[in-house]
Amino acid sequence: MSEAGMAMDEPARLEVDRLLDDRETRIIVCCGSGGVGKTTTAAALGVRAAERGRKAVVLTIDPARRLAQSMGIDSLDNTPRKVTGVGGDGGHRVGDGGDGDVRAPGELHAMMLDMKRTFDEIVEGHTDRERAEAILANPFYQSLSAGFAGTQEYMAMEKLGQLRARDDWDLIIVDTPPSRSALDFLDAPKRLGSFLDGKFIRVLMAPAKVGGRAGMKFLNVGMSLMTGTLSKLMGASLLKDVQTFVAAMDTMFGGFRTRADATFRLLQAPGTAFLVVAAPEPDALREAAYFVERLAAERMPLAGLVLNRVHGSDADQLSAERALAAAENLEEGGIVDQESGKAGLRDDDRSTPDTGLDLGADTDTDADADADVDEITAGLLRLHAERMQVIAREQRTRDRFTSLHPEVAVAEVAALPGDVHDLAGLRAIGERLAAGVPAGA
């Protein structure tokens, strides 16, 4: 950007390579609103981390196939799969770490969260086989595990806890769910944990816990009114499925809340770093600002903001106003004056007395060519003006965010001309992340 286009106080630059090289950093969480490039950012960080010597795994919750395709994997599932061509597999290698020593090759694994399969694994791992089979076959459980509000976010937290407990990787990069609100990743596990360990579940569990005649008497006297009401609201069949589910899950309910709380504390602990991902658009940065404030309130470690798809120009010394003025001059006065002047030459010098040759056709061709060049030049000037206006608008939007949150380090990632569809594209994104500033996109 030119000096006139620069903000008075530039934000601190997010040093992505320093973050990836820090062996104390074990978890990086990419969060933000939908459609801002979280999945691409997470994948690019994984590739760059592996090629800087880390043994990394990327956990994505985005159901799109772009990540798998970019990494050359036919399909991602609930099991981490090694990505070939990265780190120690003969792929691109980062030369050194700034101290002259060649870095040891790392590894990259990738997986896509299977929400239902993760829930099934929890059931199978925390109860006996017979009870597990009863739970897995229960219609209410099948609905809950497939799409209950908050289940995806809860299972993302569960999977993160599982990966961290295995200690097979020294860096876990999490691509958070594509929720309408970026806050769902933090809130939903608590909501689901509260539901599974809440008063409603306890009431439904009460008859099964009491048992025998006392249980029947309790059910008949204390539960008849509530059961009748719930039957009307939920349907008798659904209520029976819920009660059967609750009875089978009795020994597991406390564990849901306990594990959710443990993972929440893991996110607050040293070694975890949050990256808020946004685009240079008002809505995305408003969401980012809200998330930054929420992370601070929850005492979670924020590493910085990744601002994706930022536009730049290598000709930023030419302002939009000057470019538009030049285009108008070519389209209006410049071309008219040029044509009238050449028309006069054609009247006076159409032929020469020495040869008698008619030069009018050549002169017309030259005039037409000049007009075409001017028209193309004017069009390019207008395109440049539009680009500079976009850059200025993005700069103002970013400056509003940084004025509210001057403490947040920022990495600006230049927009690529096309979509990322392979490892080379992810490496290009990684290089832009490391550079932090789009010097002419």
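Predicted model: local features only at pLDDT ≥ 70, side-chain atom pairs only at ≥ 80, totals over all residues.

Colleague: Is Asp-167 buried, exposed or partly exposed?

Modeller: Buried means under 20% relative accessible area, exposed over 50%, and partly exposed in between, with a 1.4 Å probe and protein chains only. The relative accessibility of Asp-167 is 48%. Asp-167 therefore counts as partly exposed.

Colleague: Which residue meets Arg-26 in a salt bridge?

Modeller: A salt bridge requires a side-chain nitrogen of Lys or Arg within 4 Å of a carboxyl oxygen of Asp or Glu. Arg-26 is buried, with a relative accessible area of 19%. Its side chain meets its partner at 2.9 Å, N to O, and that partner is Asp-167.

Colleague: How many residues apart are Arg-26 and Asp-167?

Modeller: Helices (H or I, at least four residues) and strands (E, at least two) are DSSP runs, numbered from the N terminus. Arg-26 is in the loop between helix H1 (16–21) and strand S1 (27–31), whereas Asp-167 is in the loop between helix H7 (151–166) and strand S5 (171–175). The pair links distant parts of the chain, and the separation is 141 residues.

Colleague: With which residue does Arg-427 form a salt bridge?

Modeller: At 16% relative accessibility, Arg-427 counts as buried. The closest N and O atoms of the pair are 2.8 Å apart, and the partner is Glu-51.

Colleague: What is the relative accessible area of Glu-51?

Modeller: Glu-51 is located in the loop between helix H2 (38–50) and strand S2 (55–60). Glu-51 is buried because its relative accessible area is 3%.

Colleague: Where is Asp-120 placed?

Modeller: Asp-120 is buried, with a relative accessible area of 9%. Contact means heavy atoms within 4.5 Å; leaving aside neighbours within four places in sequence, Asp-120 is in contact with Leu-136 and Tyr-141. Its place, at residues 115–125, is helix H4.

Colleague: Which residues make the nonpolar surface patch of about 320 Å²?

Modeller: Patches are made of residues with over 30% relative accessible area and no salt bridge, like charges being joined within 9 Å and nonpolar side chains (Val, Leu, Ile, Met, Phe, Trp, Tyr) within 5 Å. Accessible areas come from the Shrake-Rupley method with a 1.4 Å probe, and for residues only the protein chains shown count as cover. Leu-383 lies in helix H16 (residues 360–404) and counts as exposed at 51% relative accessibility. The patch is made by Ile-376, Leu-380 and Leu-383.

Colleague: What is the phi of Arg-299?

Modeller: Arg-299 is found in the loop between helix H14 (282–297) and strand S7 (302–310), and is exposed, with a relative accessible area of 63%. Phi is positive here in a residue other than glycine, with a value near 55°.

Colleague: Where is Arg-309 found?

Modeller: Arg-309 has a positive phi of about 60° although it is not a glycine. Arg-309 is partly exposed, with a relative accessible area of 41%. The element that holds Arg-309 is strand S7.

Conventions:
Residues numbered from 1 in each chain as written. Heavy atoms only, no water.
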